[in-house]
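I opened this model to look up its sheet and its ligand site. My entries follow in the order I made them.

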Amino acid sequence: MTTRLGSPRRTLILGANSAIAAEVAALCAARGDRLFLVGRDPHKLQALVASLGQAVVGHAAVDFTDFAAAEPLVQRAIASLGGLDQALIAHGLLGDQDRSEQDVAYARQIVDANFTSAVALLLPLATYCERQGHGHLAAITSVAGDRGRPRNYTYGASKRALSCYLEGLRSRLFHRGVRVHDIKLGPVPTPMSAGHPQNVLWGEKRAVARGIVRAMAGRRLRVYLPRHWRLVMAIVRVLPEWLFQRFRFLAGR
Ligand SMILES: NC(=O)c1ccc[n+]([C@@H]2O[C@H](COP(=O)([O-])OP(=O)(O)OC[C@H]3O[C@@H](n4cnc5c(N)ncnc54)[C@H](OP(=O)(O)O)[C@@H]3O)[C@@H](O)[C@H]2O)c1
């Protein structure tokens, strides 16, 4: 059955416990997808799996900073799904910016959680999709990666590195029939952004999840969600440094 969100697929969601990824999983289940879900917290994962019923053909609780676990995990997921049509890498760690400025081991944790772990997962995923000659690979990055700001530049830098990685991977795989999607999110109310002051530019997790499923169903390879962030960040990116520094809401803590 084909819906407005596309036809059913064999879908791997990495970081499925994320508030946004859980919404994506629910939309994919409703579309008729077969799902393999991976999260870190086994209790949250069990609850999610139970809520999605028979759509879930397998699941695993894994910390993605255990890089050596990535390849066997991907192989196991593909075997359970009976192949792979799409994979979404959704996990992320905002972390404590102040601490990351004083403690290199902590800064590295943020970089590893957002960037190195995604690379470890993309290596086997890309190899598999390249061999089979089709597939959609997506990762959630952030508008924080478009311009470094004092409030979150360790996190932003790790997401920007991931966007750059996805860009290169996209070109490597494009003529092999594989599509690589960079899903750049603006702020959304979830546990990650709890306590942050909200404004009209914020997204809503269900609408954002719908945007992710739609992007992966089609040819939108570099997507801002909500969509108004494309324009906002186009402006923020081109602001000259002397002007950027005058805006406290951008250049301040
Ligand atoms: N919310 C926003 O404002 C916003 C804005 C821009 C981009 N994003 C991005 O959107 C994505 C989804 O985040 P969210 O907003 O839905 O936040 P969330 O609900 O707090 O989810 C973050 C998830 O990342 C997982 N995670 C963190 N480190 C991990 C690790 N080492 N191994 C495995 N899982 C790990 C956590 O898993 P467990 O729960 O299993 O521990 C958690 O479920 C992230 O990539 C985030 O960077 C969010």
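I count a polar contact as a pair of N or O atoms within 3.5 Å; within protein, one must be able to donate a hydrogen and the other to accept it, and residues adjacent in sequence count only if both atoms are side-chain atoms. The model is predicted, so I note its limits: local features need pLDDT of at least 70, side-chain atom pairs count only at pLDDT 80 or more, and totals for chains, interfaces and linings use all residues. Numbering starts from 1 along each chain as its sequence is written, and side-chain values use heavy atoms, with hydrogens and water left out.

I looked up Ser18 first. An N or O atom of the Ser18 side chain is 2.9 Å from a ligand oxygen. For the side chain of Lys44, the distance from an N or O atom to a ligand oxygen is 2.6 Å. At His91 a polar backbone atom takes part, 3.0 Å from an oxygen of the ligand. The protein covers 92% of the 890 Å² of accessible area that the ligand has on its own (Shrake-Rupley method, 1.4 Å probe).

**Shell.** I find 27 residues around the ligand (a heavy atom within 4 Å). Asn17, Asp41, Lys44, Tyr155 and Thr190 are the closest. By class, I get twelve nonpolar, ten polar and five charged residues. Gly counts as polar here, and Tyr as nonpolar. Helix α1, strand β5 and helix α6 (153–174) each supply at least two shell residues. β5 gives the most, with three.

**Sheet.** Helices (H or I, at least four residues) and strands (E, at least two) are DSSP runs. Strands pair if DSSP finds at least two bridges between them. Seven strands form an open, parallel sheet in the order β3-β2-β1-β4-β5-β6-β7. Leu137 has Val180 in β6 as its bridge partner.

**Cis bond.** The peptide bond from Leu225 to Pro226 is cis, with omega near -15°. Pro226 sits in the loop between β7 and α8 (228–238).
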